[in-house]
Each structure stands twice: as structure tokens, then as C-alpha cells.
Amino acid sequence: MRKWMALLLALALGGLAAHAEADPTLYLSDFSTGTDGWYARSMGQAVVSVEDGALRIEGWTNDWNSPGRDFDLIPGGRYDFSVQVRQNQADAASFMVSVAHTVDGAESYENLAFAEAKRGEWTELSGTYVAGDFSRFVLYVETTGAPALDFDIRDFRLAAPDGLPDPASWPEPMAIEAVEDLPSLKALYADAFDIGTCAGGFMAMQDEPMAFVESQFNILTPENELKPDAVLDVGMSLVAAMEDETAVAVRFNAAEPILNYARDHGLKVHGHVLVWHNQTPDVFFREGYRSGAPLVSREVMLARLENYIRQIMEYMEEHYPGLIVSWDVVNEAIDDSTGELRDSMWLKVVGEDYLARAFEFARKYAPEGTLLYYNDYNTAYLNKQNGIVKLLEALIAEGNIDGYGFQMHHAVAQPSLAQITASVERIARLGLRLRVSELDITVDDNSEDSFTRQAQLYGDIMRLLLAHADQFEAVQFWGLTDNMSWRASQYPLLFDAHRNPKPAFWAVADAAAER
Ligand code: XIL
């Protein structure tokens, strides 16, 4: 578990402002010289060959007789992929990208992306895949419902926009302080509110860092694993939609490791997120779940939304009863500059009441007592804040919202403590339950001076939140160590890459201890 942390640290120290600035491409097919490791997944006659930079498969007997290739995916890693397909034998044919994965000798499959390719036209399929806990991964391109069709693929690209975990390279923990000597934040804040962090899938597969997480925190938010791009099973939804456009299929293989850990170790979980404009497959909004297809009607989309939320709640009730204490029902619906509803597929397809309906469905299917939150960032800035307050008032009038989540992705330079205080006090007056869902504070460099100012602001914010402890359910940091943060280059968290506590940790601990 050592190498990937070092890699991410090296990336951060290299002055990269964000993950996105490094070229995240891991693999791009090159069919100019040969099959590049691709082969026909076939027990029949299917064969692959290359011509003009494309790979051709011919001689089908079954539609899973497809061109595939083994990839060394790392469990927990989030991968983006894209590929182009072309066929010349039908007016149109349906294609999908799938993964065959193996654990303990058993192979299982997931369909990841879909598109309909018209005769002779290169057509792109793309999507995201969070690798589950498997030992072998074969990515492949197959037809659905059209066996015996020859086709070409080209430009298969695999990328890891977040960077990659390497389970073999966790850093030496705690070079300075022994874990036992550290005060535990969850104990220090036990009488005030829950204290938590987000945690990613790969970390949940490692006992050692999770034991450290558990020593400090009592509530977890899966960082990406319960977002629509991880939960919506596009392949199975497409198949189901052939019978019923309102059908939705869901899957939880990405979330299971973290949910299992939390359940087995008595941690609470905050669910994130049911409805969002980001990390949501575009085909969710399209007829037949096919890319490029027309948008579905408002009625179909509302039925899909209800089915989606219902099945998530049912799955959790069946497998993890009582584990998820609260949900972000809708995330980031307000536009930063106008304070109006953000332009999004939800707004476009359903209309302005998509939030009210999402809360209605969440209330209908969530177990009694589950707290339902609206979650957003930049609450401290007035335009946005006005929009958030207006939205919350409307949702309160509808009667299905319990709380507001302040993301608080801040920087040392701004917003000011005065702005943060004013926003907390204003939202608190609405009478909702509150949480800080995603706290991190960036600095420009890792100098002592920057870390001192960062610690000061962390301490000030915690004192402010403690003063409102009767309304705050939880305060959750958005990550454990600086190098694992989504804003890794700006050192925003309480622990450094070696898991040593930074001044910010002591400031957060002292704010509770000094009461
Ligand atoms: C971020 C994750 O931390 C990243 O790993 C991912 O690449 C993008 O999303 N607001 C939210 C969170 O509600 O879901 C986002 O998390 C950060 C901003």
C-alpha cells in the first residue's frame, strides 16, 4: 500500500493544481501493428483481425463472442472509458461495453455503456466504472440482440481521472505520533455531534487505514460509491426498458465494501447522493437508456426517479438495516451566480418540482427516522445563499425535508469567518437539522505559515459549529489525508500523507477540549 500514495504525493508536489490537469489516460488502443492484446471471447468461430487502425471481429455464434482485453484494474479505482464501434450489416445495431470480472474462480458480468450504431457510422460508447473487489477484469465490446454481426472497434481509451490507488503501497502510518497517543475526535465531540469523513471504496478494502478511520470517526460518507454513476446499472436498465420505459436497475458492488466495513464496525453511514446533475449517466434521461436517443417524458422520468429511490431504500433495508442514518436527497441544485435553479437534465426533463418529488419519494421509501437533506456548497456567498434559502423554504412548506448540509469546501483566503458565521446563523433560523457534509480548507502551499492559518480557520469553524451543536447532527471532513483529497494539491485536510496530524487536527481537537 505504499506506492500509490507516493505517486499521488509526487503529483501533488509537482505543482499540479488538480487531478484533471495531468493526462489521466492509462491506455489507448493501438491497432496499427497488431491486436494489442485484444482477443475474441469465443468458444465458436469468432476471430479478430486488424486493418486501418481498427480491430474487426467476425464469425459470431453468440453475442458474447466479443472482442475483449484483460486490464489490470485496481479494486476501488474509478475508471473512465470510451470506444468507437462501426457495423455495416444492419440499418442499426445495439452495442455495449461490458466487464467480466473474476473472484475465487467465479466470473460475473456488468454492462457499462450502450449505444446504437447506424450502418457505416463510427459511434462512441463511453462511461465510468468503479472497479469492484475482483482479481481479474476483462473489458469487452458486445452486441445486444444482434448476434452474428461483424463489427469494428477503434480508439478504446481507459483513463483514471482521480488517480489510482495501489493497494500494495500504503504509506508507513504515523511516523511521528502513535495512533494510541492521538486524541480521538469522535470521543472529544461525542456530546456535540457525530464526527466523520468520506471514504473511498479501495480504502474500505484495507483494514489498516480503516482501523485508523474508526479510531477517529463514527460516521462515513461513501465518497463516490452511492452516486448515480455507481448505482445506476445502465446495462440492466436498458434491457428492462425494452419492456417498460419506467424500469430502473441498480447495483451496489462499488458501495458494498464500505457499507460492510461500517456495518461490521458499528459506524454510521450518511448516504450521498440520490439526485445530482454530476456523476449521473446522461442515458438515465433518454429513451431506452440509449445514448443519443430522445429525452423521456416528464412522467417517465418521475417514474424512473421513484423506482430508483425505492430500490435503493429497499436494498439498504434488506442488506443494511439501520446503517444509513441520513441521505443527501438532492445535491447542488442552485446556480452559483443567479441563485436560481441550476440548468440541469433534471430541470429540463422533469421541471422545477423535481426536488420536491425527490424528497417526496425519499420520504415515502426511507425507513422512519432517516433524515433527508438538501446539500450544497458556497452557502457563505450571498447570491447563492439567497437561492438556497428560497429553495429550503419551499421544500419546508412541502414537508419532506429534515435538514441542510453545508459542504464547506473552503479556502483559507475565503470566504471569511464572518461570512461563514452569517450563513450558518441564517440557515439555522429556518429550524432545520444541520450538518457539515464535506469540510475541507485549502492552502496555497505546505509551509508552516499556511498550515497555521489553516488550523486557525478550522478551529474557528469548529467553535462556531459547537455553538450550534443542538442543531448540527454531524461534521464530516471530505477525506482523511491530504494526498487522498479531491483537492490534493492544496493540502486541505487534518492529516498529512503519512497520516501525521497537522496543526489543523490539533485545532479541531482543541476546539472541543477547551470547552
Ligand atoms: C468528489 C469526489 O471527492 C471525487 O473523488 C470525484 O472525482 C468528484 O466528486 N461536492 C460533492 C462531492 O457533493 O460528491 C464531490 O466529491 C465534491 C464536491
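Which residues in α13 meet α14, and which residues in α14 do they meet?

## Basis of the model

This is a predicted model, in which local features need pLDDT of at least 70 and side-chain atom pairs count only at pLDDT 80 or more, whereas totals for chains, interfaces and linings use all residues. Residues are numbered from 1 along each chain as its sequence is written, and side-chain values use heavy atoms, with hydrogens and water left out.

## Helices α13 and α14

Phe451, Gln454, Ala455, Tyr458, Gly459, Met462, Arg463 and Leu466 in α13 meet Pro503, Ala504, Ala507, Val508, Ala511 and Ala512 in α14, where contact means heavy atoms within 4.5 Å. The residues of this contact divide into 11 nonpolar, two polar and one charged (Ala, Val, Leu, Ile, Met, Phe, Trp, Tyr, Cys and Pro count as nonpolar, Asp, Glu, Lys and Arg as charged, and the others, Gly among them, as polar).

Helix α13 (residues 448-467) and helix α14 (residues 503-513) pack at an angle of about 25 degrees, with their axes 8 Å apart; axes are lines fitted to C-alpha atoms, for helices over the stretch in contact, and angles run from 0 to 180 degrees between N-to-C directions. That makes α13 roughly parallel to α14 (angles under 35 degrees count as roughly parallel, over 145 as roughly antiparallel, 65 to 115 as roughly perpendicular and the rest as oblique). Helices (H or I, at least four residues) and strands (E, at least two) are DSSP runs, numbered from the N terminus.

In α14, the buried residues include Ala504, Phe505, Ala507, Val508, Ala509, Ala511 and Ala512, buried meaning under 20% relative accessible area, exposed over 50% and partly exposed in between, with a 1.4 Å probe and protein chains only. Among the elements that cover the buried residues of α14 are α2 (185-188), α4 (207-216), α13 and β20.

Six of the six residues of strand β12 (residues 194-199) are buried, so β12 is largely enclosed by the rest of the structure. Both of its faces are covered, with Asp194, Gly196 and Cys198 buried on one side and Ile195, Thr197 and Ala199 on the other.

Strand β12 runs parallel to strand β20 (residues 472-477), to which four bridges join it, and Thr197 has Phe477 as its bridge partner in β20. With strand β13 (residues 219-222), β12 pairs in the parallel sense over four bridges, Thr221 of β13 being the bridge partner of Cys198; two strands pair if DSSP finds at least two bridges between them.

## Ala192

Ala192 lies in the loop between α2 and β12 and counts as buried at 13% relative accessibility. Leaving aside neighbours within four places in sequence, Ala192 is in contact with Leu466, Ala469, Phe472 and Arg515. The C-alpha atoms of Ala192 and Asp155, 37 residues apart along the chain, are separated by 54 Å.
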